[in-house]
Amino acid sequence: MPVCSVELLECYLHKLFCTCETVPGLARFADFVDVCGLVAPRPLLLVHGYLDQGFLVDSARKARARVQLIYNALGAGDRLAHFISYDNHAYNREMREAVYGWFDRWLKGLEPPYAPEVAVPIESHDDLRVFPGGLPEGHVTLRSMAVARTRDLPPRKALTTRQAWELEAARLRARLAELFSGWPAVTPLDTRAVKAGPESIGGVA
């Protein structure tokens, strides 16, 4: 049950956000929806926030539609569901209870209505601190490492025109494509009709 994370790989190039979680080289032969399809025919619940600015709900719906094709082809269409909460990038109570219900249905064989979330004491920040007295002397953080690695970089030119921004955006997308190890090769579309039987998936034997 991935929460606020599943969308199409192409969307990362439009938002240039959270690209650190992508798999280098994946785009050459698969998309995130194909990875989700590997779960089939086991139950899979996708959870998203309607207001999530990192993983847009439109992209999430497209991803779900693609995964649904895989589940339908395996005769397990009812084992895929999509829950969307009116929230941002979150894991709120409504989302959590949807997940609990999914567990109750497919792991326990229970019928609705499912039990709501029980009250759980939340630890304080002080109780969760690894170093209650503060970080040790000479400590290094992600921020300090990033500052140290970028301190000597030359300053970036300000983008003052639309054309300059479009050129920079194209450069960044090309760089991302390089980091992802390239895109699938474009080949002529084969439109021959094939007979689909029980042993075939999506019309491809």
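**Aromatic rings and their surroundings**

Mentor: The structure holds two aromatic pairs, where rings of Phe, Tyr and Trp (for Trp, its six-membered ring) count as a pair if their centres lie within 6.5 Å, and where planes under 30 degrees apart are called stacked, those over 60 edge-to-face and the rest tilted. One of these pairs is formed by Tyr50 and Tyr86, with 5.5 Å from centre to centre and 25° between the planes, and it is stacked. This pair links distant parts of the chain, 36 residues apart: Tyr50 sits in the loop between strand S1 (44–49) and helix H3 (57–73), while Tyr86 sits in the loop between strand S2 (80–85) and helix H4 (93–106). Helices (H or I, at least four residues) and strands (E, at least two) are DSSP runs, numbered from the N terminus.

Before going on, please keep in mind that this is a predicted model, in which local features need pLDDT of at least 70 and side-chain atom pairs count only at pLDDT 80 or more, while totals for chains, interfaces and linings use all residues. Residues are numbered from 1 along each chain as its sequence is written, and side-chain values use heavy atoms, with hydrogens and water left out.

Tyr50, at 39%, is partly exposed, whereas Tyr86, at 63%, is exposed.

Of its 205 residues, 26% are buried. The chain exposes about 15,100 Å², of which carbon and sulfur atoms supply 59%; accessible areas come from the Shrake-Rupley method with a 1.4 Å probe, and for residues only the protein chains shown count as cover. Among the contacts (heavy atoms within 4.5 Å) with a separation of 6 or more, 68% join residues 24 or more positions apart.

We can now turn to the interior, using the idea of a nonpolar core, a set of buried Ala, Val, Leu, Ile, Met, Phe, Trp, Tyr and Cys residues joined through side-chain atoms within 4.5 Å. The largest nonpolar core has 13 residues, and Leu44, Val67, Tyr71 and Leu80 have the most contacts inside it. Helix H2 (32–37), S1 and H3 are the elements that give two or more residues to this core, and H3 gives the most, with three residues. A second, separate core of seven residues includes Tyr12, Leu26, Ala30 and Phe55.

Leu80 deserves a careful look, for when its neighbours within four places in sequence are left aside, Leu80 is in contact with Leu44, Leu46, Arg64, Val67, Gln68, Tyr71 and Trp102. Gln68 belongs to helix H3 and counts as buried, with 13% relative accessibility. Not counting residues up to four places away in sequence, Gln68 touches Gly77 and Leu80.

In one of them, Glu97 meets Arg93, with the closest N and O atoms 2.9 Å apart; the two are four residues apart in helix H4, so about one helical turn separates them. Glu97, at 26% relative accessibility, is partly exposed, and Arg93, at 44%, is partly exposed as well.

Helix H7 (residues 162–179) holds Glu166 and Arg162, four residues apart, or about one turn of the helix, and their side chains form a salt bridge at 3.0 Å, N to O. Here Glu166 is partly exposed at 42%, while Arg162 is exposed at 67%. Glu168 and Arg171 form another salt bridge, at 2.9 Å from N to O, and because they are three residues apart in helix H7, they are separated by about one helical turn. Glu168 is buried, at 13% relative accessibility, whereas Arg171 is partly exposed at 46%.

Finally, a search of the whole structure finds zero disulfides, a disulfide being a pair of cysteine sulfur atoms within 2.5 Å. Cys4 is buried, with a relative accessible area of 4%, and Cys36 is buried too, at 10%.

Key: Buried means under 20% relative accessible area, exposed over 50%, partly exposed in between (1.4 Å probe, protein chains only). A salt bridge is a side-chain nitrogen of Lys or Arg within 4 Å of a carboxyl oxygen of Asp or Glu.
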